[in-house]
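Thanks for taking a look at this one with me. Please open the structure alongside this note and follow the points in order.

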Amino acid sequence: MAKKDNGFLKKLLATFKVEAEEHLKTISLGLVELEKTLPPEKQLEIVETIFRETHSLKGAARAVSMTDIESVCQALENIFAAWQRGGAIPSAGLLDSLHQTVDVLEKILSSPEAEETAEHKSKMAALIRRLQGGAREPGIRNQGTAAEQGVSTAEPQFLSSGPQPQIPTLGDTVRIPRAKLDRVLLQAEEFLSAKLTASQRAADLRQITTLVGDWEKAWAKFRRSGFGMGPVELENRQSLIRNSQSREFLEWNDHTVTSIEEKLAGISKSAELDRRMLGRMVDDLLAEMKSLSMLPISSVLEILPRFVRELSRDQEKEVDLVIQGGEIEIDRRILEEIKDPLIHLVRNCIDHGIEKPEERKQNGKRLRGTITIALSQKNGSKVELIISDDGRGVDVPKVRSAALRLGLIPDDAPALSDQEALSLIFQTGVSTSAFITDISGRGLGLAIVREKVGKLGGMVSVETKPDAGTAFQLTLPVTLATFRGTLVRVNDRVFVMPTTFVERVTRIKKKEIRTVENRETIPLDGQVLPLVQLSDALQFSRKNTTDDSRDTALLVILGSAEKRIAFLVDDLLNEQEVLVKTLGKQLSRVQHVAAATVLGTGQVVPVLNVFDLMKSAARATVASVKPPIQPEKEAKKKSILVVEDSITARTLLKNILESAGYHVAAAVDGVDGYTQLRSSEFDLVVSDVDMPRMNGFDLTAKIRSDKKFAGLPVVLVTALESREDRERGIDVGANAYIVKSSFDQSNLLEVIGRLI
Amino acid sequence: MERDWTHSVDKKAILKTRAKALAQEQKDREALEESIELVEFLLAYERYGVETCYVREVYPLKELTPLPCTPPFVLGIINVRGRIVSVIDIKKFFDLPDKGLTDLNKVIVLHDSEMEFGVLADVVLGVRSVLVKEIQPSLPTLTGIREQYLKGVTAERLVILDAERLLSDNKMVVHEEAAS
């Protein structure tokens, strides 16, 4: 029983914490407001609000028997009640201690148990004493004595209208823990893979329908030609009888195939319908889920007023914060990501922008500086956020010299325009601050801001005017758009590039590639862009098998912020929605790879990290896009078929043989191998023995029984070491038998070298 | 006919007493000795075992997507029912020499509350119990695997890996910032 009670109390406490945090937030915001010079009615309105909040908090604390919090609230109430009656403006000193009170309460609530420890108790006792003093002390400028009256008895006036309801009511809104919502959201996103799979299936069926169509055409042609039989044969009576039998069979065949075709058409059609229906359902669900996670931007901005207040006080500056358009809604996950960049930018405004009052006075400015955060909806999917101050502006020459010092711009570079120089402040290490403090000056902040905003698919830019101020402009997406990816192939591997960063895809003639200062460049729209081979950026070893005899190169132009780089890829496959998945706990951060996705076919494909790519492209060694060499070697290149069911062994064999200069095709078992042998030319077969469907012995026997492959050497690579097995291998006609346990690549290559 | 019948009665009786005796012994043993349960597998012609409590599942390796810019012991990633799991080759992790060509057809997914990854194996032999007292500390020279990753070796030379240690080892975690 006691245990049950305990659990219930814990639940209550958790609810109380959430509620209390909200009350405290409102109180704290109200206190900040009160510091401004406001008309008395407005002030009273605010006092009324924080009074109500304090009262609700008191009630909630009483419900979970947090008696000390209750008494702190009582003390706060007394003060607010006195203000209300007195219509008074509180002093700065008293406001400070009120802020501290809120701080302490927040700390107590955020401690894991949220219990009233002895330390907390003593702290709160001190607070209460101070607050009780505060109610009497000079806090009230106008009518100091009026406060005395209500110290102990003050109960808020509005209480007469009935007690505040403490029981949660079944209203229009429900409180759902964020973790629960996130889980549902993730699950909803998983449906995307169902949608992708459905369209894959529909495409597969369409392909089969086409195949059947092709067959039908060929068959009809064959039929018209009289089944390939000449008149002479038809004259033969016996063959006529046989012919009538085969005619019957063919008739039946025709019927069967026609009905299969009809059924196939039906299935294909319904698969297409399913795909469409599922697609719409999934899209609708995802859109609804997205709207569930929309929150007004003000929810992250709430922390700023106090932050500005404290930071500016520490730096002996006077700063007002003006927020416009905080009601615009944005995806919660974007808000979470944008919180730190926002704080950083505001900190920058106070740190570097706003001058001290004396300096402002000298320059003929208002003593109090202003930071404005203005939000506006650009269109359905983008929000513009401008953070501006009326401070001294960014010292552009200083930025320029800092960048020069870091070697970000070469000494002899043509003079940068002011705007170009200004954008350098987003580079790592560039700081105009002469000394490094604990909060700024290391030149990292803006680089991080840009990376974070960029990751969200947003942009950041800056404008400044000497002595008039600086404005940072952030363009952010409203929702986390469904991730779209561009699928490219390089070195026979498929990768996804986030489409947001793909500026365009283009094909250029290889001879247009020029080397400038040891780097390859291409001309594009009258601009010169650096060119990097994607395979180099990803540190693939160069393939010595240059089958690339095309005289054009396929380029993907990636752009983030003001940088643009052309990446050379082998092939462009598709552009589609992808569901992004993390790489798992062991791969916490992989260079160049941000995540992975699963295609409709089930294939796992890495998603590239554009920021890493841009970074490493900057230091990539000079790539060499060779002009097409006339493939004289090509003709001599021998071709080998590797038949092996284990993917690791298959890949290993393929790599060994390819790096030895062979052309290699791979098959997953004997049946697959035999099919491939019949469809293309090979000089040699390397086969595993133990495989599903058709093993290596059977494959060898089958090869030997076919006249066409009489001379084709077969090398068996096997785990079977016994003499009988070896003999069996020789019996079926293998040319060599390599035991896996003693396998090494030189003996394989040597054996192959001897055979072809 | 009759003979068969008596015979079967005898058999029954014998089996019964035997079963009783065995059950008794098992009980005594369990009371006296602690045992651990292992998933036993073959890797490069050696027998290894990991404790079952760290094994989430055994998965056949059909497709493997290699990742660029990862250390050699990371072979790539696979899709395990919609979840991405990284696959590592412990031979490469321990710098063991490559011995022959092996199948590496199975992935043993190891996990604890903090970490998860798949370990490649050639053949998974099954699950078995090993008495704790039968595990002897291993000589590092025996397998080349550093002692710290081993729980020990049984008399039949089954090498027992310390899965807990592998899972909590920082060297296993890939965390590489892009060089600039």
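1. A word of welcome and of caution: what you see is a predicted model. Please read each of the points below with that in mind.

2. Let's begin with chain A as a whole. Its 756 residues are 32% buried, and the chain holds 23 helices and 25 strands. Of the contacts in chain A between residues at least 6 apart in sequence, 69% link residues that are at least 24 apart.

3. Now find helix 2 (residues 40-63) and helix 3 (residues 67-86) of chain A. Their axes lie 9 Å apart, and the two helices pack at an angle of about 160 degrees. Angles over 145 degrees count as roughly antiparallel, so helix 2 of chain A is roughly antiparallel to helix 3 of chain A. The crossing of helix 2 of chain A with helix 3 of chain A is left-handed.

4. Which residues make this helix contact? From helix 2 of chain A come, among others, A:Leu44, A:Val47, A:Ile50, A:Phe51 and A:Leu57, while those from helix 3 of chain A include A:Ile69, A:Cys73, A:Leu76, A:Phe80 and A:Trp83. Sorted by class, the contact between helix 2 and helix 3 of chain A has 12 nonpolar, four polar and five charged residues.

5. Over in chain B, look for an open sheet of five strands, in the order 3-6-7-5-4 and with mixed pairing. Strand 3 (55-60) and strand 4 of chain B are at the edges; each has a single partner strand, so one side of each has no neighbour in the sheet. On average, neighbouring strands of this sheet are turned by 30 degrees against each other, direction ignored.

6. Within that sheet, strand 6 (residues 106-111) and strand 7 of chain B run antiparallel and are joined by six bridges. One pair to pick out is B:Leu110 with its bridge partner B:Phe117 in strand 7 of chain B.

7. Where do the chains meet? The contact draws 38 residues from chain A and 36 residues from chain B. On the chain B side, strand 4 (74-80), strand 5 (83-88), strand 7 (116-121) and strand 11 (174-175) each give at least two residues. By class, the side of chain B that touches chain A has 19 nonpolar, 10 polar and seven charged residues.

8. Strand 18 (residues 587-589) of chain A pairs with strand 11 of chain B in the parallel sense, over two bridges. There, A:Arg589 has B:His175 in strand 11 of chain B as its bridge partner.

Definitions and conventions:
Residues numbered from 1 in each chain as written. Chains lettered and ligands numbered in written order. Predicted model: local features only at pLDDT ≥ 70, side-chain atom pairs only at ≥ 80, totals over all residues. Axes fitted to C-alpha atoms, helices over the stretch in contact; angles between N-to-C directions. Helix = DSSP H or I, 4+ residues; strand = E, 2+ residues; numbered from the N terminus. Parallel < 35°, antiparallel > 145°, perpendicular 65-115°, else oblique. Left-handed = near helix turned anticlockwise from the far one by under 90°. Contact = placed C-beta atoms within 7 Å. Nonpolar A, V, L, I, M, F, W, Y, C, P; charged D, E, K, R; others polar. Pairing = 2+ DSSP bridges. Buried ≥ 20, exposed ≤ 12 C-beta atoms within 10 Å, placed from the backbone.
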